[in-house]
Amino acid sequence: MQSFMIKGCSILTMVHGDKPFVGDLLIEGGRITNIATSIDQQVDTVIDGKDMVAMPGLINAHNHASMSLLRAFSDDLKLMDWLDKKMLPAEARMTKEDIYWGTMLGAAEMIASGTTAFADMYVQMDAVAQAVVDSGMRAALTRGLVFLEDDGGRRMIEALDLIDNWTGAGNGRITTMLGPHAPYTCPPQPLTEVIELARSRRIPLHIHLAETLEEVEKIRTRYHQTPTEYLHELGIFSDTHVLLAHAVHLTTDDVRLLRGMRGGVSHNPVSNLKLGCGITPVRKMLSQGVTVGLGTDGAGSATTLDMFAEVKAATWLQKLDSGDPTVLPAEQALRMATIESAKLLGIDAEVGTLEVGKRADLILIDLNKPHLWPVHDLYSLIAYSATGADVDTTIVNGQILMRKRQLLSMSWEEVRREALHRSARLVEGL
Ligand SMILES: N[C@@H](CCSC[C@H]1O[C@@H](n2cnc3c(=O)[nH]cnc32)[C@H](O)[C@@H]1O)C(=O)O
Ligand SMILES: [Zn+2]
């Protein structure tokens, strides 16, 4: 594995309390081995960090990467119409190869916009995992489990196959979870079985929660509970690491049920805004000590996987909701997109900050642009002015996946061609 040094860049470690400074970063054997104002050491490659900001790669805590094939195909619909009338019929046509190339398209977009790791819930997970290995990204993968009809246990078998066959693949870049899809697609009995299995095998869980008012009504009619109470009563928060996606419609009492939980919430503000879902009670969650990270959801709904957009939307929404521009300041919003999301994926010991000993998952942002000049407060500049297109270099596990905006782990021409003809077939007539 190559050793290399990034010289003379502004460094945002994203370690709480660290101040930005100009210095060098040394990467050897896939890990960060030194960070200092000046490092004198022979390396294979030196990257000039002039006008660059180095920071941890962004971590997308909730995605369905392969849905990138369905980007901009059915926007401006209600969530349940979008899902039932458009997504599910298109997804029913997806082959393993479609899902591989859809995930490659998602990975291309993520790498090109500075995301180094993501949590994904989908089907045909061998194809997703292979795309993660090939693209060089890091991912926490789940086979989504919908229990609306008897499938003879097929989905569960696939979920466990993913865990048995792919955990640790790609030099440890792949981790796995169990993914009961949502309270409205998982009745009590199978959901209890999944929770028990997760507890006994110490497997983390990934589940959608309380995304729409429609869901809240459905669960109230069926079980006379809120979606959060439903999960709580089945014991989901007692011992297991749980990644909750959305968690928009939570009462104050619901938020209290999350206190002390392992894992936390992936807040997906762009998707919530676009689908008109509501405003997630992020401030209440934070005040109860709940970990809140950021995610995009699939490009089929969010239409973009650019985590810089999530950072902006997250902080703006809380400022608007509270009428107080001091809440969720830039630095905190950026921490949500890095180390807090890393905690949700259970990989914060390895990534999420720039620290000696951690895996080298980092990005360089090019400041030599009119909208990123001059530099006063770097956190503000990155949170409020930068977009994914300003990322110059993306590194995962010490491997350079994009340099000077050229994707290196895949052929963009090939991904582009495959995505085009496959997506056309998926949506034909829908
Ligand atoms: N349909 C599969 C399970 C797939 S899990 C992932 C599912 O999540 C769906 N999905 C994507 N975004 C959202 C969302 O925001 N809320 C709810 N479901 C979503 C997506 O369309 C996909 O079908 C089965 O029956 O085996
Ligand atoms: Zn989702």
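Helices (H or I, at least four residues) and strands (E, at least two) are DSSP runs, numbered from the N terminus. This is a predicted model in which local features need pLDDT of at least 70 and side-chain atom pairs count only at pLDDT 80 or more, while totals for chains, interfaces and linings use all residues. Residues are numbered from 1 along each chain as its sequence is written, chains are lettered from A and ligands numbered from 1 in the order in which they are written, and side-chain values use heavy atoms, with hydrogens and water left out.

**View 1. The span of residues 54-400.** This span is 43% helix and 18% strand, and its end C-alpha atoms lie 14 Å apart. An unreviewed UniProt entry lists residues 54-400 as "domain: Amidohydrolase-related"; such annotations may be inferred rather than shown by experiment.

**View 2. The shell around ligand 1.** Ligand 1 is surrounded by 19 residues, of which E91, R143, R155, E211 and D297 are the closest (near: a heavy atom within 4 Å). The shell comprises 9 nonpolar, 5 polar and 5 charged residues; Gly counts as polar. Helix α1 (79-92) and strand β8 (138-145) each supply at least two shell residues, and α1 gives the most, with 5.

View 3. For H181, a polar side-chain atom lies 2.9 Å from a ligand nitrogen, and for H64 the distance is 3.3 Å (polar contact: a pair of N or O atoms within 3.5 Å). The protein buries 92% of the 560 Å² that ligand 1 exposes when taken alone (Shrake-Rupley method, 1.4 Å probe).

Terms used. Polar contact = N/O pair within 3.5 Å; in protein donor to acceptor, adjacent residues only side chain to side chain.
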